Amino acid sequence: MSWSHLAVAGEPSPDLVDGTVADARRDPPDLVVGIGGGAALDTAKAVAGLLRSGTSVLDHLEGVGRNLPYPGPVTPFVAVPTTAGTGSEATKNAVISGRLPGAGAGDPPFKKSFRDDRLVAAVALVDPDLLAGCPPAVIAGDGWTR
């Protein structure tokens, strides 16, 4: 058995998702596990959704990109949230941020969803003790509302 690791530093971009999928397709995994906050879970969810489809995340983003229907299938995805508030472990969408290829410096960035019922995690392991190790600012940010 083997595994690979990807650290996600911020909101996933199309380049991050598509690059990760391209690398993973060389030796496709049987399972994708996302551990972390919403950005990590959204990245894992998008990767799981695209590994077997042969498509790009830009093919399926709502309101930008090619607006193609998502063909599936999904590689099974397990979500292990370590923060609270995004709900990514229980939703059918992966939020992707960035700029469209060829966008100029004056073109605004986007924040859109790759959304399909098949993207919901097969299993979500929710353990509040994982939140206990987060810095106080992260915990406070997770509970912040308007």
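Helices here are DSSP runs of H or I with at least four residues, strands are DSSP runs of E with at least two, and both are numbered from the N terminus. With that settled, let me begin with N67, which lies in the loop between α2 and β2. What I am showing is a predicted model, in which local features need a pLDDT of at least 70 and side-chain atom pairs count only at pLDDT 80 or more, while totals for chains, interfaces and linings use all residues. Residues are numbered from 1 along each chain as its sequence is written, and side-chain values use heavy atoms, with hydrogens and water left out.

Back to that loop, then. N67 has a positive phi of about 55°, although N67 is not a glycine. Is N67 buried or exposed? The terms are set by relative accessible area, computed with a 1.4 Å probe on protein chains only: buried is under 20%, exposed is over 50%, and partly exposed is in between. N67 has a value of 52%, so it counts as exposed. The loop between α2 and β2 also holds P73, and the peptide bond that leads from G72 to P73 is cis, with omega near -5°.

Let me turn to aromatic pairs, where rings of Phe, Tyr and Trp (its six-membered ring) pair if their centres lie within 6.5 Å, and where planes under 30 degrees apart count as stacked, over 60 as edge-to-face and the rest as tilted. By this rule the count comes to one aromatic pair. Its members are Y70 and F114, and because their ring centres are 5.3 Å apart and their planes stand at 75°, the pair is edge-to-face. The pair links distant parts of the chain, since Y70 is in the loop between α2 and β2 (77-81) and F114 is in strand β4 (residues 110-115), 44 residues apart. Both Y70 and F114 are buried.

Strand β4 also contains K111, and K111, at 53% relative accessibility, counts as exposed. Contact, here and later, means heavy atoms within 4.5 Å. Leaving aside neighbours within four places in sequence, K111 is in contact with E11, V95, I96 and S97. From K111 to P73 there are 38 residues in sequence and 24 Å in space, C-alpha to C-alpha.

Now to helix α1, whose buried residues are P14, V17, T20, V21 and A24. Why do we say that they line one face of the helix? Seen down the axis of α1, they fall within an arc of 145°, so they line one face, where the arc is that of the directions from the helix axis to the C-beta atoms. These buried residues pack against α2, β3 (93-98) and β4.

Finally, the largest pocket. On a 1 Å grid over the protein atoms alone, a pocket is an open set of points where a 1.4 Å probe fits, with protein on both sides within 12 Å along at least five of seven lines, and lining residues have an atom within 4 Å of a point. The largest pocket is lined by 26 residues, of which S4, H5, L6, L31 and V33 lie nearest its centre. At least two lining residues come from each of α1 (14-24), β1 (32-36) and α2 (38-50).
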